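Here is a friendly walk through the contacts that hold your attention once the model is on screen. Have the viewer ready and follow along.

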Amino acid sequence: MEVRNYETVFIVTPVLNESQVQETVEKFTQVLKENSAAIVSTEAWGLRKLAYPIQKKSTGYYFCLSYTGEGNIVDVLELAFRRDERIIRFLTTVLDKHAVEYNNRRRNGEMNQQKAAKETEAVAQ
């Protein structure tokens with residue numbers, strides 16, 4: 001099978017404490033590692049307000065996992081999400097080469113450097 005780049009955003013229930021949330025994230029990174037996926041990055045977006053209540057909750061801890069693997073890895077990960085009651089919602093997307101490049105630049109901080117250079121140039125003129 002072909003190795004592809006994936007990105008999964010999931011929301012963890014807000015009733016957990018910080019250690020339980022980290023334990024939940026580690027569980028899913030371990031699921032990926034056990035199924036021969038290479039984790040590119042794990043981002044914690046923090047506690048955010050939901051657009052609409054889900055399971056009578058108005059906030060949730062957002063996390064983003066970027067990884068590479070074969071197509072069956074998504075099925076395995078999403079099955080683990082469905083079986084875990086701590087997960088409110090999840091969404092997995094396949095990244096094309098442009099999205100992978102954009103994510104790498106964003107993680108390296110190149111996006112803000114270009115914006116700051118343009119602002120500095122505008123002020124100088």
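## Salt bridges and their surroundings

Five salt bridges turn up when the whole structure is searched; please keep in mind that this is a predicted model.

| Salt bridge | Closest N and O atoms |
|---|---|
| Arg86 with Glu23 | 3.8 Å |
| Arg86 with Asp84 | 2.9 Å |
| Glu43 with Arg106 | 3.2 Å |

Let's start with Arg86. This residue sits in the loop between H2 and strand E4 (87–95). Arg86 forms a salt bridge with Glu23. Since Arg86 belongs to that loop between H2 and E4 while Glu23 belongs to helix H1, the pair ties together parts that are 63 residues apart in sequence. Arg86 also forms a salt bridge with Asp84, and both Arg86 and Asp84 are buried. A network of salt bridges links Glu23, Lys27, Asp84 and Arg86.

What else does Arg86 meet, leaving aside its neighbours within four places in sequence? Its contacts are Ile11, Val12, Thr13, Leu16, Gln20, Glu23, Thr24 and Lys27. With Thr24 there is a polar contact between the two side chains, at 3.2 Å. For a sense of scale, Arg86 and Gln22 are 64 residues apart in sequence, and their C-alpha atoms are 12 Å apart in space.

Now move to Glu43, which forms a salt bridge with Arg106. Glu43 lies in strand E2 and Arg106 in helix H3, so this pair ties together parts that are 63 residues apart in sequence. How accessible are the two partners? Glu43 counts as buried because its relative accessibility is 14%, while Arg106 is partly exposed, with a relative accessible area of 31%.

Helix H3 covers residues 97–108, twelve residues in total. From first C-alpha to last it reaches 17 Å, close to the 16 Å expected at 1.5 Å a residue. Just after H3 comes Gly109, with a positive phi of about 85°.

Strand E2 (residues 38–54) runs antiparallel to E3, and eleven bridges join the two. Leu47 stands opposite Tyr61 in E3. The hairpin of E2 and E3 has two residues between the strands, and in it Gln55 takes a positive phi near 55°.

Further along E3 (residues 57–69) you will find Thr68. Is Thr68 buried or exposed? At 19% relative accessibility, Thr68 counts as buried, since the cut-off is under 20%. Not counting residues up to four places away in sequence, Thr68 touches Val3, Arg4, Asn5, Ala37, Ala38 and Val40.

## Aromatic rings

The count of aromatic pairs comes to six. One of them joins Phe28 and Phe81, whose ring centres are 4.5 Å apart with 45° between the planes, a tilted arrangement. Phe28 lies in helix H1 (residues 18–34) and Phe81 in helix H2 (residues 72–83), so the pair ties together parts that are 53 residues apart in sequence. Both Phe28 and Phe81 are buried. Which residues do ring pairs link into a cluster? They are Phe10, Phe28, Phe63, Phe81 and Phe90.

Conventions
Residues numbered from 1 in each chain as written. Predicted model: local features only at pLDDT ≥ 70, side-chain atom pairs only at ≥ 80, totals over all residues. Heavy atoms only, no water. Helix = DSSP H or I, 4+ residues; strand = E, 2+ residues; numbered from the N terminus. Expected span 1.5 Å × (residues − 1). Phe/Tyr/Trp six-rings, centres within 6.5 Å; stacked < 30°, edge-to-face > 60°. Buried < 20%, exposed > 50% of the residue type's maximum accessible area, 1.4 Å probe, protein only. Contact = heavy atoms within 4.5 Å. Polar contact = N/O pair within 3.5 Å; in protein donor to acceptor, adjacent residues only side chain to side chain. Pairing = 2+ DSSP bridges. Salt bridge = Lys/Arg side-chain N within 4 Å of Asp/Glu carboxyl O.
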